[in-house]
Amino acid sequence: MKLSVGIIGLPNVGKSTLFNALLKKQVAYAANYPFATIEPNVGVVEVPDSRLGALAKVIGNNPPIVPAVVEFYDIAGLVAGASKGEGLGNKFLSHIREVAAIVHVVRIFEDSNITHVSEKIDPASDIATINTELILADLSTLEKYKEPKGNASKEDVATFDVVKKLRVALDTGTAARDVELDEKEQEAIKQLNLLTMKPVLFVFNTSEEQLENPSSIELPKGTEESMYFCAKLENEIVELSLDEQKEYLNQYGLEETGLNRLIQKTYELLGLISFLTAGEKEVRAWTIHKGDTAVIASGEIHTDFMKNFIKAEIAPFDAFVQLGGWLGVREKGKAILAGKDYIMKDGDVVEFKIGV
């Protein structure tokens, strides 16, 4: 499953600093898994998962480890008027349409050497500027959807009803994702690929001083899905060894890098989990949606698996490691044989049985 996340924000908020840190992280792990920089503004980064190393030890003989990955897009800085083509507005908006989720970087650090586009640090206002531009862009999209005439299909009529509902909400400044829609309504407007329908994680870019005193950080209302870290610091520590990173982070009372937290949070934001496969050829994490069945999960490995699915042998990760692999979990009755409708759990270690 392809997971793409767009990094957006006003100019000079730290987007590129964050993206550069992600690129360094990508290069740092290059020896461990296949990766590619698709364009200068796209980086493919692993999803941190300590379970893979533990599985590799159980399997023995150092099998290759292949983690799940996330594509991060560094999207051009936005300015007021982007919805009308100001700045790089059109390019900015077209790039956002391509991603599954948005990381909205908001500056809260003070630095007289880095100018702010509005000449003052005001995170609530910055967020409002971008939200307004995304809403205006979506309204423009909805206005192009004309009322069905004559022999219009039931589907077209149903879609237009949702369009009208969304227009009213967007006109009042409400993002499409905050409008109550049932499954049929969501499916009806999926084709429109609305910008404000995408889930958003707010990332507040702090100074090192703010990071040392997190109680001093006041986050704007309406940013429940959020986190804060210092992009400048992340850019520096990503080149250190893991032991040096831990020592550095301890100074700020942190257990994990902001980059790792960012990647994990985007995973959660999209409702994703990983199932694991463990064999001599490779140990690997596969990305699926929470609630996916065993047969859907098998299709992530190969689409033919879904057609020829017989059953799945599944063991919990902890039991698999503690009991030394498949032989141990089978002997102790910790492995189950599951059918197509089994709901996958995060960390399930799986071996699919496929017919010819």
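Valine 13 touches Val105, Arg107, Phe109 and Asn205, leaving out residues up to four places away in sequence. The model is predicted. Valine 13 belongs to a stretch that the unreviewed UniProt entry annotates as "binding site".

**The annotated stretch**

- The "binding site" annotation in the unreviewed UniProt entry covers Asn12, Val13, Gly14, Lys15, Ser16 and Thr17.
- Valine 13 sits in the loop between β1 (4-8) and α1 (15-28).
- Its relative accessibility is 2%, so valine 13 counts as buried.
- Asparagine 12 is found in the loop between β1 and α1.
- Asparagine 12 is partly exposed, because its relative accessible area is 39%, which falls between the 20% limit for buried and the 50% limit for exposed.
- The phi of asparagine 12 is positive, about 65°, although the residue is not a glycine.
- Most residues other than glycine have a negative phi.
- Lysine 15 lies in helix α1.
- With 8% relative accessibility, lysine 15 counts as buried.

- Asparagine 205 is part of strand β6 (residues 200-205).
- A relative accessible area of 5% makes asparagine 205 buried.
- Its side chain reaches the backbone oxygen of valine 13 at 2.9 Å.
- Beyond neighbours within four places in sequence, asparagine 205 is in contact with Val13 and Gly14 from the annotated stretch, among others.
- Its contacts also include Val105, Val106, Arg107, Ile108 and Phe109.
- Phe229, Cys230 and Ala231 are in contact with asparagine 205 as well.

- Helix α2 spans residues 51-59, and Arg51, Leu52, Leu55 and Ala56 are buried in it.
- An α-helix has 3.6 residues a turn, so residues three or four places apart point the same way.
- The cover over the buried residues of α2 includes the strands β3 (65-66), β8 (272-278), β9 (283-289) and β12 (349-354).
- Helix α13 (317-322) is also part of that cover.
- Glycine 60 follows α2 and has a positive phi, near 80°.
- Asparagine 61 is in the loop between α2 and β3.
- Asparagine 61 has a phi near 65°, a positive value in a residue other than glycine.
- Asparagine 61 is exposed, with a relative accessible area of 75%.

**Nonpolar cores**

- What does leucine 55 touch, not counting residues up to four places away in sequence? It touches Leu276, Ala278, Val283, Phe317, Phe320, Val321 and Val349.
- Leucine 55 is among the residues with the most contacts inside the largest nonpolar core, which has 64 residues.
- A second, separate core has 17 residues, including Ile135, Leu139, Tyr145 and Leu166.

**Aspartate 292**

- Aspartate 292 is placed in the loop between β9 and α11 (294-301).
- At 14% relative accessibility, aspartate 292 counts as buried.
- A polar atom of its side chain lies 3.0 Å from the backbone nitrogen of histidine 289.
- Leaving aside neighbours within four places in sequence, aspartate 292 is in contact with Tyr342, Ile343 and Met344.
- Aspartate 292 and leucine 242 are 50 residues apart in sequence, and their C-alpha atoms are 34 Å apart in space.

**Leucine 219**

- Leucine 219 is in the loop between α7 (208-212) and β7 (226-229).
- Its relative accessibility is 35%, so leucine 219 counts as partly exposed.
- Phe204 and Ser226 are in contact with leucine 219, leaving aside its neighbours within four places in sequence.
- Alanine 124 is 95 residues from leucine 219 along the chain, yet their C-alpha atoms are separated by 8.3 Å.

**Confidence**

- The protein chain has a mean pLDDT of 88, and 91% of its residues reach 70 or more.
- Residues 29-40 have a pLDDT below 50.
- Beyond near neighbours in sequence, that stretch has 21 contacts in the model.

Definitions and conventions: Residues numbered from 1 in each chain as written. Heavy atoms only, no water. Buried < 20%, exposed > 50% of the residue type's maximum accessible area, 1.4 Å probe, protein only. Helix = DSSP H or I, 4+ residues; strand = E, 2+ residues; numbered from the N terminus. Contact = heavy atoms within 4.5 Å. Core = buried A, V, L, I, M, F, W, Y, C linked by side-chain atoms within 4.5 Å. pLDDT = per-residue confidence, 0-100. UniProt positions renumbered as here; feature names shortened; annotations may be inferred. Polar contact = N/O pair within 3.5 Å; in protein donor to acceptor, adjacent residues only side chain to side chain.
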